[in-house]
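Biologist: Could you pick one part of this model and take me through it up close? I would like to know how it sits against the rest of the chain.

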Amino acid sequence: MSRQNWYPQANLARREMLRGGAALGAVGALSACTAGKVASAGPAPRRPYLTPMRVTPDQLIDMKCCIRPVRAAGPNLGTQMIGDTLVVHNYGHGGSGWSLSWGSAEVAVGKALSVLPSEIAVVGCGIIGLTTAVVAQRAGLKVTIYTRDVIQRTRSFRAHGSFTPDSRVALSAPAGAGFGDLWEQMTRLSWKGFRSMLGLPGDPVVFQDAYALSDAPPVKKHHDADPAIKGAWEAGGLPLQDSEWAHYMDRIKDLVPDPVMLPTAENPFPVAYTRRSSEMHFNFPSYAHHLLTEFYQRGGLMVMRDFNDPSQYGQLKEKVVINATGYAARDLWRDKTVFPVRGQTGWLVPQHDAPYSLRYKNASLMAKNDGIVVMNNPIDLGEMFGVGDSMELPDPAPILEVMKIVEPIMAGMKGIA
Ligand SMILES: Cc1cc2nc3c(=O)[nH]c(=O)nc-3n(C[C@H](O)[C@H](O)[C@H](O)COP(=O)(O)OP(=O)(O)OC[C@H]3O[C@@H](n4cnc5c(N)ncnc54)[C@H](O)[C@@H]3O)c2cc1C
């Protein structure tokens with residue numbers, strides 16, 4: 001069965017659920033299952049045909065590790081003067097740098113434009129610096145990027161790369177109420193940016209079905225504080241428990257497609273509960289290619305340079321500089337509010353006949369153009385996993401561990417009913 005046949009059925013279910021009346025009763029009966037809606041009985045149920053992913057250890061072709069640059073109060077988008085040079089900061093996007101890149105760039109470039117420059121410098125060429133440079137060019141500015149590494153060698157290229165705009169982006173208390181508004185503004189602008197890249201050659205941005213599997217009925221995640229844990233981030237600059245992280249996804253419910261619980265007869269996986277959602281992700285090689293091509297076509301210059309001190313920004317010929325140095329800002333700009341959250345990914349041989357994502361227990365698999373990304377995200381630790389850890393050497397053991405967990409899932413998949 002093709003994917004085209006599958007979607008109308010899901011849409012029908014969504015319309016049924018929205019219709020109210022009898023459907024409302026169904027929602028009430030299912031309120032324990034708050035994490036998704038159940039597709040109603042429509043046409044005869046049919047399972048989608050999904051090719052199982054090959055998850056054996058011999059398929060593992062790469063391991064990557066990097067640190068998320070988290071700031072307790074959210075990304076730094078402030079300004080400061082170094083001599084007669086205006087520096088606009090744009091760093092500290094935690095686990096959301098790809099997702100917020102377009103919106104954050106718009107905010108930073110807006111601040112740079114306030115002094116009416118005709119040319120600017122951008123320091124850094126990760127996803128934040130390169131996107132910022134392109135946004136500045138689109139606003140009519142001449143742009144030079146000064147950087148130690150070009151995007152393919154940056155931490156950005158060692159990420160997971162899905163649309164996760166509130167992943168480890170800030171801690172609720174230090175971010176305060178105001179950051180939520182800025183986050184929403186950046187997220188909505190970014191969404192527009194990604195929409196304009198859908199369908200480009202090489203699929204830099206794609207939507208894909210994602211399946212969340214569980215043996216027990218799924219429940220909505222709560223972030224209640226554990227009273228046994230005393231204190232919070234102020235003491236050592238690091239969060240002490242999951243409940244300290246800020247979450248804002250409820251603000252953009254209107255943008256993101258709803259998840260749907262699959263009825264048993266339509267569930268292709270050998271587990272009792274499967275929830276399907278439609279998720280956006282980024283294919284790094286083609287994404288970087290598109291951005292770099294646009295940057296050079298618009299006359300951008302790239303200068304390889306390593307800065308040791310903020311005073312060197314003041315010596316550049318450009319009198320407006322956007323600082324997009326990511327985690328490195330902690331040392332370069334002595335911003336000790338930036339803290340590391342380590343993460344790593346395993347990469348399996350690309351498998352283009354299995355274009356979906358899957359989460360089961362601690363395992364997360366996502367099919368991308370350049371490989372299937374595997375992560376081990378311990379559910380019990382939530383967003384605390386990797387907090388304070390800046391070790392960037394990969395360790396294959398946790399990746400191999402979750403591949404073992406999903407092997408029987410793949411072996412037990414059912415085809416068309
Ligand atoms: C495991 C993992 C998974 C992730 N998954 C996602 C995800 O699914 N979705 C999402 O949105 N985000 C995700 N992220 C977060 C995202 O990767 C980061 O927020 C983002 O990469 C930060 O980009 P950046 O451009 O600020 O920093 P970087 O990529 O680190 O780029 C910094 C740039 O500054 C340059 N630079 C640094 N110091 C100097 C200096 N002294 N002189 C000159 N140049 C300098 C570097 O060379 C580089 O070009 C993930 C992160 C990790 C670790």
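Modeller: Happy to! A residue is called buried under 20% relative accessible area, exposed over 50% and partly exposed in between, using a 1.4 Å probe and protein chains only. This is a predicted model, so local features need pLDDT of at least 70 and side-chain atom pairs pLDDT 80 or more, while totals for chains, interfaces and linings use all residues. Residues are numbered from 1 along each chain as its sequence is written, and side-chain values use heavy atoms, leaving out hydrogens and water.

Glutamine 312 counts as buried because its relative accessibility is 17%. Beyond its neighbours within four places in sequence, glutamine 312 is in contact (heavy atoms within 4.5 Å) with Arg305, Asp306 and Phe307.

Aspartate 306, partly exposed at 42%, forms a salt bridge with arginine 148, with the closest N and O atoms 3.5 Å apart. This pair reaches across 158 residues, to the loop between β6 (142-147) and α5. A salt bridge here is a side-chain nitrogen of Lys or Arg within 4 Å of a carboxyl oxygen of Asp or Glu.

Lysine 319 bridges to aspartate 84, again with closest N and O atoms 3.5 Å apart. Aspartate 84 lies in the loop between β3 (79-82) and β4 (85-89), 235 residues from lysine 319. Aspartate 84 is exposed at 55%, whereas lysine 319 is partly exposed at 32%.

How values were computed:
Helices (H or I, at least four residues) and strands (E, at least two) are DSSP runs, numbered from the N terminus.
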